[in-house]
Amino acid sequence: MGKQILLGVTGGIAAYKSAELVRELRRQGHEVQVVMTSGARAFVQPLTFQALSGHPVRESLLDPEAEAGMGHIELAKWADLVLVAPASADIMAKLACGLADDLLTTVCLATEAPIALAPAMNQAMWRNARTQRNRSLLVEDSQFRLWGPEAGDQACGDTGPGRMLEPEVLVQEVAALQEQPLANLRVVITAGPTREALDPVRYISNHSSGRMGFALAEAAAQQGADVTLVAGPVEQPTPTGVTRIDVTSAREMKNAVDWAVAAGTDWFIATAAVADYRPLAIADQKMKKQAGADAPVIELEENPDILAGVAGRTEQRPLTIGFAAETRNLADYARDKLSRKGLDLIVANDVSTPGLGFNSDSNAVEVFWGGGSERFEARPKRELARDLIRLFHSHQNSRPA
Ligand code: PMT
């Protein structure tokens, strides 16, 4: 079904491709309105976009004529999708900061529609740490999608990343955004740490923040899945459309997972860092330090393995995906867990690298399955989650019915 697409055009040589983009989007049945920045005018005449879109081009936030018709708030509400192509380094910086100093940035701040950016700039500008920081901020924000850039020869004579994706590729991205490839799929995800009580005030736990699991829940829900998220004690906001069950201990997490899986699920994804052991006894009262006494010895007993339990189901067994956080011998330990727990896939993260894995915004992983593996270099967890969901989906499709 055709969408109402607001195309933002910023200054850059790739702006000439946006004319073709308008034509392609309309060919696919979408209605397009164009907002140009002052920089864009240096490359393409507004009249070109007016002729191709069939709408007057909007340029100024304070254009009294336009304000009388469709103001920036109405434009923001009109759009089902805001697509900024080309997106310059400048607009990425402004959007990352939430600036609203012209019509395009104001619409982007006022709209609730998804905002897709097709970056285009010189390769050195793209590689610059400040641009990469802005890119990370935007990817972390669930309202934004980054499409491209691709690498290749540039108009300035350089070679490298920074070329805007071709209009036909951007049109495919728009089509994919509308699809709900995981519609009717039920997904259960565990996230965060567990806490194993020692006494009323102390517990054994770990540094998991829940971010990886929450990012996967968000990505699966955005693609149409019915997601149940069993969360240990974490501070993360619940992603839109996700059913959340809060638990504290490993045994509570197991009960919640067993209940959700028995109700019917297609995928089980275990990102939680579950405590392998719990204290054998929980003291009723806070344990007191005794002057002169030996340090207390805490006896532990093993927790149930939630993931192995799901993987071992003989009936209604979902596609079962584990995570492995390792500090050494990543591939060997991950493959061992894959076969020992009877999993379909395992996502291994090397948590010895500072800034990746536990309690961080980014992760780098290698995914292993019976017939192969795939590596995903460091990227924001939200971006990684979308990549992983795509990979899991391809495995779901290749499963025997
Ligand atoms: O939460 P974040 O801060 O975003 O960090 C994400 C993460 C690093 C915690 C995550 O990416 C990750 O690697 N999770 C697995 C952590 C781990 O230590 O796994 P494990 O090797 O202890 O267990 C292997 C698998 O078995 C995991 O899928 C785990 O959920 C599961 N398991 C383990 C023990 C147990 N009793 N029950 C389980 O289900």
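1. The ligand shell. The ligand is surrounded by 27 residues, where a residue counts as near if one of its heavy atoms lies within 4 Å. The closest are Ser208, Ser209, Ala272, Lys337 and Asn359. The model is predicted: local features need pLDDT of at least 70, side-chain atom pairs count only at pLDDT 80 or more, and totals for chains, interfaces and linings use all residues. Residues are numbered from 1 along each chain as its sequence is written, and side-chain values use heavy atoms, with hydrogens and water left out.

2. Make-up of the shell. It divides into 12 nonpolar, 9 polar and 6 charged residues. Here Ala, Val, Leu, Ile, Met, Phe, Trp, Tyr, Cys and Pro are nonpolar, Asp, Glu, Lys and Arg are charged, and the others, Gly among them, are polar. Helix H11 (211-222), helix H13 (306-311) and strand E16 (319-326) each supply at least two shell residues. E16 gives the largest share, 4 residues. Helices (H or I, at least four residues) and strands (E, at least two) are DSSP runs, numbered from the N terminus.

3. Contacts and cover. Look at the polar contacts (N or O atoms within 3.5 Å). A polar side-chain atom of Asn349 lies 2.7 Å from a ligand oxygen. For a polar side-chain atom of Lys341 the distance to a ligand oxygen is 2.9 Å. Phe323 contributes a polar backbone atom, 2.9 Å from an oxygen of the ligand. Taken alone, the ligand exposes 780 Å², and the protein buries 95% of that; areas come from the Shrake-Rupley method with a 1.4 Å probe.

4. One aromatic pair. A search of the whole structure finds 1. Trp267 and Phe392 are edge-to-face, 6.1 Å centre to centre, with 85 degrees between the planes. Rings of Phe, Tyr and Trp (its six-membered ring) pair if their centres lie within 6.5 Å; planes under 30 degrees apart are stacked, over 60 edge-to-face, and the rest tilted. The pair links distant parts of the chain: Trp267 is in strand E13 (residues 267-270), Phe392 in helix H15 (residues 381-397), 125 residues apart.

5. Backbone points to check. Most residues other than glycine have a negative phi, and most peptide bonds are trans. A cis bond joins Ala85 and Pro86, with omega about 0 degrees. Pro86 is in strand E3 (residues 81-87). The bond from Gly148 to Pro149 is also cis, omega near 5 degrees. Pro149 lies in the loop between strand E5 (144-146) and strand E6 (150-153). Gln316 has a positive phi, near 50 degrees. Its place is the loop between H13 and E16.

Technical notes
Polar contact = N/O pair within 3.5 Å; in protein donor to acceptor, adjacent residues only side chain to side chain.
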